Amino acid sequence: MEPADGSPFTASVTCASMKYGDGTFHIGAPTFEELAENLTSRLTVSAILANAGELTMLHACGVADPVTGAVVALVAESGTGKTTAASVLARTYGYVTDETVAIAWDGSVVPYPKPLSVKQGAGSPKRQAGPDEFGLQPAPAMPFIQSIVLLNRVQGARPVAPVLERVPLADAILALIPESSSQAEFVDPLQSLCRLIESVGGVWQVTYSEAADLPAALEPLFQLQAMSGTEWEAAAPDDAQRTPLPAASIQRRAARDAVKIGGDLLVMLDKDIVRLSGIGPAVWEACAGPVGLDQVTEHIAKLHGEAEGYQAAVASAVEQLTAKSVLERGEN
């Protein structure tokens with residue numbers, strides 16, 4: 001209710017978190033709709049912070065089979081169809097969330113059935129609509145992750161029939177990391193994500209135009225998926241004994257995690273992830289400790305041979321990886 005003195009709509013919330021302790025925050029807005037949007041956003045952020053490093057949190061809508069509890073997580077960027085997909089799918093399946101699918105180490109999913117954030121006109125706040133308004137079904141008692149799907153909505157004059165296809169592991173990791181919350185807080189962020197993907201049989205992508213086509217297209221993914229074979233191996237460096245770099249030497253920067261997938265190497269630096277291909281992985285391996293460019297070049301020659309111009313290729317790769325902050329140089 002708007003105060004009689006004409007002041008903005010306000011709300012005060014007290015949160016209890018075992019990680020951050022008790023806390024109270026106050027928010028205000030000139031309209032109730034803005035207050036509702038701000039409150040929903042603030043509560044979501046608080047929940048994410050409280051579970052950082054404990055739960056894998058995908059920026060996704062989630063719906064669950066009402067009988068088995070199997071959850072399909074539909075991952076997408078903000079504003080690209082998650083809420084619409086949830087509002088359609090959860091009329092048949094249980095509504096888990098339209099915002100964040102939170103997955104525990106054992107595959108169980110923590111429901112977050114927040115109000116659906118519905119877009120309105122340009123410049124207007126999103127309307128917070130309760131699940132009952134759309135006739136959505138409640139989440140089952142013990143949901144667990146069954147499938148992870150990337151939403152690829154195609155908008156145009158001609159609708160396209162939905163297509164479901166599996167995503168290569170390295171591409172899946174690169175797509176999921178930007179659409180996850182606090183994954184870097186895990187001890188082994190890339191390895192834990194690889195284990196999750198492996199447990200659900202890989203990541204899928206659905207390309208579609210109309211949300212009404214999704215229930216039929218996604219129906220197979222609520223069934224048990226065979227675990228995919230191991231396609232990755234840990235390549236995390238031991239940076240415990242790092243020392244100052246001698247002048248003109250090269251060394252790889254401390255990484256939070258790294259995994260090898262086929263001929264590629266994915267390295268997480270702070271919260272960013274870099275994909276190394278070609279001779280990039282070998283350069284990274286050669287630079288575990290302080291080395292000179294000649295030593296790196298020699299290492300690459302042993303692994304890949306002395307093709308014409310290989311010295312220049314190694315020097316170029318070192319420059320590129322330095323520019324990407326994968327490598328660092330000692331000051332002259």
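## Pockets and overall build of a predicted model

Visitor: What volume does the largest pocket have?
Guide: In this predicted model, the largest pocket is lined by 36 residues, and E77, S78, G79, T80 and K82 are those nearest its centre. Its volume comes to about 760 Å³.

Visitor: Which element gives the largest share of the lining of the largest pocket?
Guide: Two or more lining residues come from each of α1 (32–50), α2 (82–89), β8 (116–118) and β11 (144–153). The largest share amounts to six residues, and the element that supplies them is α1.

Visitor: How many residues of the lining of the largest pocket are charged?
Guide: The lining of this pocket divides by residue class into ten nonpolar and 16 polar residues, alongside a charged group. The number of charged residues in that lining is ten.

Visitor: Which element supplies the largest share of the lining of the second largest pocket?
Guide: The second largest pocket holds about 290 Å³ of space, and of its 15 lining residues the closest to the centre are A104, W105, D106, G107 and L196. Both β11 and α4 (189–199) contribute at least two residues to this lining. The largest share is four residues, and these come from α4.

Visitor: How many residues of the lining of the second largest pocket are nonpolar?
Guide: Four polar and three charged residues take part in this lining, together with a nonpolar group. That nonpolar group numbers eight.

Visitor: Is A139 buried, partly exposed or exposed?
Guide: A139 is found in the loop between β10 (137–138) and β11, and, beyond its neighbours within four places in sequence, this residue is in contact with G94, Y95, V96 and P111. Buried means under 20% relative accessible area and exposed means over 50%. Because the relative accessibility of A139 is 27%, this residue counts as partly exposed.

Visitor: How far apart in space are A139 and D294?
Guide: In sequence, A139 and D294 are separated by 155 residues. In space, taken from C-alpha to C-alpha, the distance between A139 and D294 is 60 Å.

Visitor: What percentage of the contacts with a separation of 6 or more lies between residues 24 or more positions apart?
Guide: The protein has eight helices and 20 strands, and its C-alpha atoms fill a box of roughly 75 × 50 × 40 Å along the principal axes. Of its 332 residues, 45% are buried. Among contacts with a separation of 6 or more, the share that joins residues 24 or more positions apart is 66%.

Notes:
Residues are numbered from 1 along each chain as its sequence is written. This is a predicted model: local features need pLDDT of at least 70, side-chain atom pairs count only at pLDDT 80 or more; totals for chains, interfaces and linings use all residues. Side-chain values use heavy atoms; hydrogens and water are left out. On a 1 Å grid over the protein atoms alone, a cavity is a set of points where a 1.4 Å probe fits but cannot get out, and a pocket is an open set with protein on both sides within 12 Å along at least five of seven lines; lining residues have an atom within 4 Å of a point. Grid points are joined across faces, edges and corners, and a volume is the space filled by probe spheres set on the points. Ala, Val, Leu, Ile, Met, Phe, Trp, Tyr, Cys and Pro count as nonpolar, Asp, Glu, Lys and Arg as charged, and the others, Gly among them, as polar. Buried means under 20% relative accessible area, exposed over 50%, partly exposed in between (1.4 Å probe, protein chains only). Contact means heavy atoms within 4.5 Å.
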